[in-house]
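Welcome! Let us take a short walk through this structure together, one region at a time.

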There are 2 protein chains.
Amino acid sequence: MRDPFMQAALDEARNGLAEGGIPIGSVLVIDGTIVGRGHNRRVQHGSAILHAEMDCFEQAGRLKPADYKRATLYSTLSPCDMCSGTALLYGIPKIVVGENQTFQGPEEYVRSRGVKLTILQDAECIQLMEDFIASSPQLWYEDIGKE
Amino acid sequence: MRDPFMQAALDEARNGLAEGGIPIGSVLVIDGTIVGRGHNRRVQHGSAILHAEMDCFEQAGRLKPADYKRATLYSTLSPCDMCSGTALLYGIPKIVVGENQTFQGPEEYVRSRGVKLTILQDAECIQLMEDFIASSPQLWYEDIGKE
């Protein structure tokens, strides 16, 4: 049985895939409630910055600094430098990650800044990304800035 | 005489202030040409992620990974964790910063990742932020996630 918040992030990832986008999803949870949901919108919005976590933070809107300090960020994939940096900016104390086998962000650095990172290695999250990377390698490399 | 690219970033910061926003501006330069311009849009767009550099990356659009690798990012203020992380994601090799006296991002970490950071300590950039922070401290603290 999957954690309901990771399930919500996975649902977002699948929504993104259904739109023709990159299948990564994220939710932001405060006091047991989802306050923001997002998925990667590079394709859908022609965006260079709307990774799933960024879209999620944006959908959550302008929160009070104190609210972020008790939030948990869920993402189906290990957050990249940009998304990790955003979590650090706002002082998010916990990040739950679906998997870090198809991509790994700066996890060691994020931990060194005091964030508790939990990696689930969820088989469905892994499969979703493996299938996507195999079918759309160019788009995937663009998303992570790789040539 | 100010570097013309830093002048363009400062012009963006002043545009943001004129809109009632936080006066931080940024430009992205590739091969001597400005390919993106942006300013902080927290107030104007109710945004939690559109710092000046993020707005600049977004305005530049979906560039090829190789293009970022020869870009220089200009910002009137030392990039925060989020904006520094975005530069790291895309492998931006050079960042020119107007000033780091009113706020300092993770400069040491960014340098440790191989980025060349140049800090100008531009008196006008400093004055602009000092005046803004004095007049709107709550908005400023929100922007950097401080309580």
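Predicted model: local features only at pLDDT ≥ 70, side-chain atom pairs only at ≥ 80, totals over all residues.

**A guided tour**

An unreviewed UniProt entry annotates residues 1-117 of chain A as "domain: CMP/dCMP-type deaminase".

Now move on to helix α7 of chain A, residues 123-135. At the start of α7(A), a side-chain oxygen of D122(A) comes within 2.9 Å of the backbone nitrogen of E124(A).

Which residues of α7(A) are buried? They are C125(A), I126(A), L128(A), M129(A), F132(A) and I133(A). Because these residues cover an arc of only 160 degrees around the axis, they sit on the same side of α7(A). The cover over them includes α1 (4-18) and α8 of chain A. Turn to the other side of α7(A), and you will find A123(A), A134(A) and S135(A) exposed.

Helix α8 deserves a visit of its own. Y141(A) belongs to this helix, which runs over residues 137-143 of chain A. With a relative accessible area of 34%, Y141(A) is partly exposed. Leaving out residues up to four places away in sequence, Y141(A) touches K146(A) and P65(B).

D143(A) also lies in helix α8 of chain A. Is D143(A) buried or exposed? Its relative accessible area is 1%, so D143(A) counts as buried. The side chain of D143(A) makes a polar contact of 3.0 Å with the side chain of N40(A). Beyond its neighbours within four places in sequence, D143(A) is in contact with I22(A), I24(A), N40(A), R42(A), H51(A) and L89(B).

Finally, let us look at the backbone in chain B. Most residues other than glycine have a negative phi. D31(B), which is not a glycine, has a positive phi near 50 degrees. Look for D31(B) in the loop between β1 (25-30) and β2 (33-39) of chain B, where D31(B) is exposed with a relative accessible area of 55%. Q121(B) is not a glycine either, and its phi is positive at about 50 degrees. Its place is the loop between β5 (116-119) and α7 (123-135) of chain B. Q121(B) is partly exposed, its relative accessible area being 32%.

Notes: Residues numbered from 1 in each chain as written. Chains lettered and ligands numbered in written order. Heavy atoms only, no water. Helix = DSSP H or I, 4+ residues; strand = E, 2+ residues; numbered from the N terminus. Buried < 20%, exposed > 50% of the residue type's maximum accessible area, 1.4 Å probe, protein only. Contact = heavy atoms within 4.5 Å. Polar contact = N/O pair within 3.5 Å; in protein donor to acceptor, adjacent residues only side chain to side chain. Expected span 1.5 Å × (residues − 1). Arc of directions from axis to C-beta. UniProt positions renumbered as here; feature names shortened; annotations may be inferred.
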